[in-house]
Amino acid sequence: ISLMSIRIQPHKNEHKNISPEGEKEKGNGILNKEIRIFGGPMNYQRKESMYGQLAVLLSSGLDLQRALELLERNSKPKSVRKILSHIRTALVSGHSFSESMAEAEGFSQYELSSIKIGEETGKLTLVLGELQGFYKKALGYRKQIIQALTYPTFVIAFAMGVVVFMLRFLVPMFEDVYKRFDGDLPAVTKGIISASDFLGENGLYLLLGCLAIGIIIFLFRKRESMKKAGAFLLLNTPIFGGIAKRIYLTRFCSSMHLLLSAGIPLLRAISLVKEMIGFYPISSSLAKAEQDIVKGESLHDALGKHNFYPDKMTALIQVGTESGQLPLMFDTLAKQYGEETEQRTAIIGSLLEPVLIVFLGLVVGLILVAMYLPMFEMSTSM
């Protein structure tokens, strides 16, 4: 028996607005909290570790109370130890494991329902292993994004730092020298000197402006217009837009497969995935898809109205719906998009490194040539 074949029954705390992959929702902060790998006491990384260790300890013959005690003793963050202590105390007082977790903070409805099923069927160890795999996949999706963005972000930031340093400190030195001569400077040298003067006069204002924009984005990040603009910029970013789209499609298909395989009705699964994935094109399209399905439309027709979902994907969803194998079709799609993402990330990573290095060299070389060019011309004329 696997977790996928067990139908999840409503939990007594289901009235709380909790996503299957995220933390308990407080206002609109759930998606923003869950998207941080190291944010909050019970993030994805710690949940994967906790469920994996519990599964190993229980399979070795320890009882649940003793396993939780060992976890609590070996957990370094104080906040995690506090949560585990709360769960263990509730367990000792007579509550079930799922009820004890429900009283603690940081566990989703999907986790609570899964643990409850494991207790009722005697398959708690299996359920814990499934939960570990679930969060391992979620961490894998985030790792792909980080791998794709870390190196180019570092190189671009380093290049900007080098350019600012040269314009603020190196170019003014040459400018003072050339002021002593009455000759006309080349156009490229004049342009670099003008850029240096502009940066010197307005550098502080530019810095404050960037800081203000960052604060505005942070304060209004939860607004629909801001989410829509951020998603538009991400998807239309050269090279990385396609990778980001495939990563979110992988998350969507994987989540739908997980929920449908567990016996969650289609509309309920769509509602949970909508809350779980905070990416605007997915959340907004699923909200409209819910309404269309209620009116009698099929899932593939409802998703086909939105450009975010490829035609190939909606066609396979149609095949899965008509054949009664929709969960399996979502699993197939998730694997396909996951493989495509890994391949593209590897290729782009190998190509971007030399391209960015050459770009940095050209920028620095342009500034140096512009500064030394008048000296070469004067030497030639002499």
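Guide: Let us start with terms: buried means under 20% relative accessible area, exposed over 50%, and partly exposed in between, with a 1.4 Å probe and protein chains only. This is a predicted model, in which local features need pLDDT of at least 70, side-chain atom pairs count only at pLDDT 80 or more, and totals for chains, interfaces and linings use all residues. Residues are numbered from 1 along each chain as its sequence is written, and side-chain values use heavy atoms, with hydrogens and water left out.

Visitor: How many salt bridges does a search of the whole structure find?
Guide: A salt bridge is a side-chain nitrogen of Lys or Arg within 4 Å of a carboxyl oxygen of Asp or Glu. Searching the whole structure on that basis, the number of salt bridges found is eight.

Visitor: Is D292, which meets K305 in a salt bridge, buried or exposed?
Guide: The N to O distance between the side chains of D292 and K305 is 3.5 Å. With a relative accessible area of 11%, D292 is buried.

Visitor: What is the relative accessibility of K335?
Guide: K335 forms a salt bridge with D331, with the closest N and O atoms 3.5 Å apart. D331 counts as buried at 16% relative accessibility, whereas K335 counts as exposed, its value being 51%.
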